[in-house]
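Visitor: I'd like to go through the aromatic rings in this one. Can you start with what counts as a pair?

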Amino acid sequence: MSSASSTLGRAVRLALITASTGAATAAIAQDAAPTVLDRIEVTGSRIRQVDVETAQPVFSIHRADIERQGFSSVADILQNLTAAGSPALSRSNVLSAGENAGGTYIDMRNLGAQRTLVLINGKRLGITTSGYQDISSVPVSAIERMEVLKDGASAIYGSDAMAGVINIITRSNVDGVTANVYHGQYSQGDGARDRFDVVAGWSNERASLTFSAEHTEEQAVWARDRWFSRFPSTSRHPDDGWTQVSQWGQINGLKGPGCTAKGGCNYSLDRGTDPTNPANYHLSDLTPFTGDVSNAQEQMHLISPLKRDSLFLDGRLDLTDDIRLTTQLGYNKRSSSRQIAGYPLQSATAGIGAMSIDSWFNPFGNHHGYETPTDIAWNRRTWEVPRVSTSDLTTWRAVAALEGSIEVGERYFDWEVGYQYNRSELLQVATGNLHKERVKNAIGPSYYNPATGKVECGTAAAPIAGCQVWNPLAPYGSNDPYGLTGNQALIDYLFPLETTRGKTTTRNAFASIAGTVMTLPAGDLGFAFGMESRREAGQFTPDALAQSGATTNLAAGPTGGGYTVNEAYLELSVPILADLPGARDLSLSAATRHSDYTTFGTTLNSKFGFKWKPIDQLLVRGTWAQGFRAPTIADLYGGGSETFTTNYRDPCDTVYGPSASSAAVRARCAKDIAAADTYRQLRQGGEPITSSSDQTPVPFTNGSNPDLQPETSTSRSLGLVWSPGFASDLNVALDWWKVRVDNTIVGDHPNDMLRDCYELGIDARCTGFKRDPVTGIVNELNYGKRNSGFLETEGYDLEMSHRLAVAGGRLSTTWSTTYVSSYLERTTNDSDIVPTPNNGIGSGFRVRSNLTVGWESGDFGVSWTARYYSGVKERCISARTRPDECSDPGVQAPWYAGSRDYNQRGSVTFHDVQFRYALPWDATVSVGANNVFEKYGPIMYTQPNSAFSYYGGYDIGRFVYMKYQQRF
């Protein structure tokens, strides 16, 4: 083989091995200086380099690290990183809907999952129309290592690389077969997880094939089976938060027996009695457990179930001594579902209207002799048919490239040209929502037909063909005729199947060349130049019934569109000094990328870095980088959708809102609410809220904005890497970082609109909503995307590792800590508005830290990990009705102006342990437990990243598992 071919082979082999890597794990001192051709590519740079330590902090997770953890998915592994933010669309947030529901996404620095770029072998993972990259589509068995760049890199990789980059490097050049079996479950006996995978490979001097297949199943955990999710306000307050929109049925606003209220009263049926007899109704009892209310948590998932099948193929073939064909083919099918309680149907707000005075089942209508017949308004939660949404996502991925090395003079240049194609197809099926027009018919006029012996819709003179009569006052479990229990024909009539489809595609042609152009006194000047042409297209089409608002499903319009971006980038690595006193190495790096989008135009982003070794054992490094995030297809072309806002807070509420203590807020509220001094925010069922926030009784509408511009960012880092000579295998890295995102694409929020209007007094923010003239509640609100405000976060990363021979074995210790010193957010461009500090509040942990201690001796190994989350603050459930739940009642809360009363929640540490043993027949068995002491985090009533009063990223119990690996 030629020298070029030999060089190519060496470079490829070296690229598959990152010796003792991570931001703090590479030793700085080198033995003999390698030749200029012995280079590898590290995430964050396109230039092959001798030194794995770069100017930017890169942390690596190797296959051995993955196997020594009890986590069974890529999402869980990455979410365990201390630099990872709160989980986006946590599987504990079962109220999430839309195309992204069911996927798993990674968020670095709490800057949002859309601002973290995920790559597979340096090429982008596919995205949804909302810009999310589903990392559940990557099989764990196919991964060789994961490199995490904790720095901005838009100059290298383009859009979205603002908070960081995760590069998943897959396995190749495998010889033989390895099979793994994994099973685990929570100590409560639920949430079982099973994984089976096989990796097989074959290779010779010119070709290699590596194939992996994986099947994963993760069972559901029900909210009713954990103390913190069993009731709306946890088992600590089991009586709080029940809804009167229950499975028992209710009549609203009736001037019946015992009613003294001017607007009428609410009545419920005596259990076990005839619902058509007006004498069988009593004034509604809102007492939990024994009354006429409902605990929706009983029907909800805490963690939704998931199935996944994955195939991955890596192929490499030397076409000539100097040219190689590489390809990666991937297939993944993810099936997930989520269940929430039956629909809380309210005739007054669902656009259905009252039960007809001529309905056969109206106890106060014409058919049953009531003295003053009347139409009746009613509520009924359809407990018999919980709302279930299944999501099947099928993803294909193909990358093909030619790569090689050419010699020009005495210099070698590495080149690559190729094409990438990603396609994802989504099928969502929803059940449990009611067809409004059919409900109208079912509760409209009806009559008894002696010919059929049944009550039928309409009148004898004008029957309604195909209609099924419904009595919504027949309670759950009742055997009375024409209720839902056991009546499949009625269920099929009222609850249509709704099918939603989505599709996204990515097409990317790329070409690059890298090498050295000249030799400077301190070394070779390296460069990388490349071009890419990428086309993103996507559509998300809700069922026609949902688009028209014909069902109680949240109305949503179709999303569809695409854009093309053409890009060129240039990167330089410039050695300045070498092998001098005080400058064993001093080099600079620079990169710039020009991007031309068909949606908004051009943008130019650059990055600069330096690397300085005053002595062999110490590295000083730093970067300055510009970044950007392009508006997504959904941002630009998304159809409007309705949603019942959770954790909704109205500042005008006189018990839990700032209006209770701020005269200025109450004065602003009085401009829109006649009775501002007594106004109460209402929750579903029309009852006043009983805590600081609740779900809205009516849906609000969210939409897109075709005039959006890209977000921009500036990131900075400065760090030290120390490998002292007096302590072998000790490596320490400390990095300061700061990221600021400007012109943020704000997905606005009803809470932000009302806060800005009433608490901050920004009149321009008071035009997007209307209030009901009688109740005063916000009954119409439209919000969408806009460029406004900024995000800024700052902190430190500390990484330490050490290896030591102890007791006939090898003791290893790794410690990773992220400290966030500041996190500020402002959603307006008004410079007079004080930014909101979110650091140490809700899910904004100031400190996350992981310490792992491992010991290997012969065939035996054990590891122990402690995962630490610092304490946070959150709003009190109520400083007035629950003073024991409020650590600082009356104290000015740090999150919103005019807001008082907050809780200090304590820190929590979870401990994991694993034991493993290598068996004589080339197998390894591992047993372990995550959260071995069954530790639970504190109650958090603001429900960060969750549908429950518990942080969505905390462990939910002790998880015990076993793994068996067999090599052939």
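Guide: Rings of Phe, Tyr and Trp, with the six-membered ring used for Trp, pair if their centres lie within 6.5 Å. Keep in mind that this is a predicted model.

Visitor: How many aromatic pairs are found in the whole structure?

Guide: The search finds 35 aromatic pairs.

Visitor: Give me one. How are W227 and Y936 arranged?

Guide: W227 and Y936 are edge-to-face, with 6.0 Å from centre to centre and 80° between the planes.

Visitor: And where do W227 and Y936 lie?

Guide: W227 is in the loop between β9 and β10, and Y936 is in the loop between β45 and β46, so their pair ties together parts 709 residues apart in sequence. W227 is partly exposed, at a relative accessible area of 27%.

Visitor: What about F845 and Y951, how do they pair?

Guide: F845 and Y951 also form an edge-to-face pair, 5.1 Å centre to centre with 70° between the planes. F845 sits in the loop between β38 and β39 and Y951 in the loop between β45 and β46, so this pair ties together parts 106 residues apart in sequence.

Visitor: Are F845 and Y951 buried or exposed?

Guide: Both F845 and Y951 are buried.

Visitor: Which residues do ring pairs link into a cluster?

Guide: The cluster is made of W227, F228, F845, Y869, F910, Y936, Y950, Y951 and Y954.

Visitor: Changing topic: which residue lies over the face of W222?

Guide: R224 does, at 4.5 Å from the ring centre.

Visitor: And over the face of W248, what lies there?

Guide: R271, at 3.7 Å from the ring centre of W248.

Terms used: Residues numbered from 1 in each chain as written. Predicted model: local features only at pLDDT ≥ 70, side-chain atom pairs only at ≥ 80, totals over all residues. Heavy atoms only, no water. Phe/Tyr/Trp six-rings, centres within 6.5 Å; stacked < 30°, edge-to-face > 60°. Helix = DSSP H or I, 4+ residues; strand = E, 2+ residues; numbered from the N terminus. Buried < 20%, exposed > 50% of the residue type's maximum accessible area, 1.4 Å probe, protein only. Lys NZ or Arg CZ within 6 Å of the ring centre and 35° of its normal.
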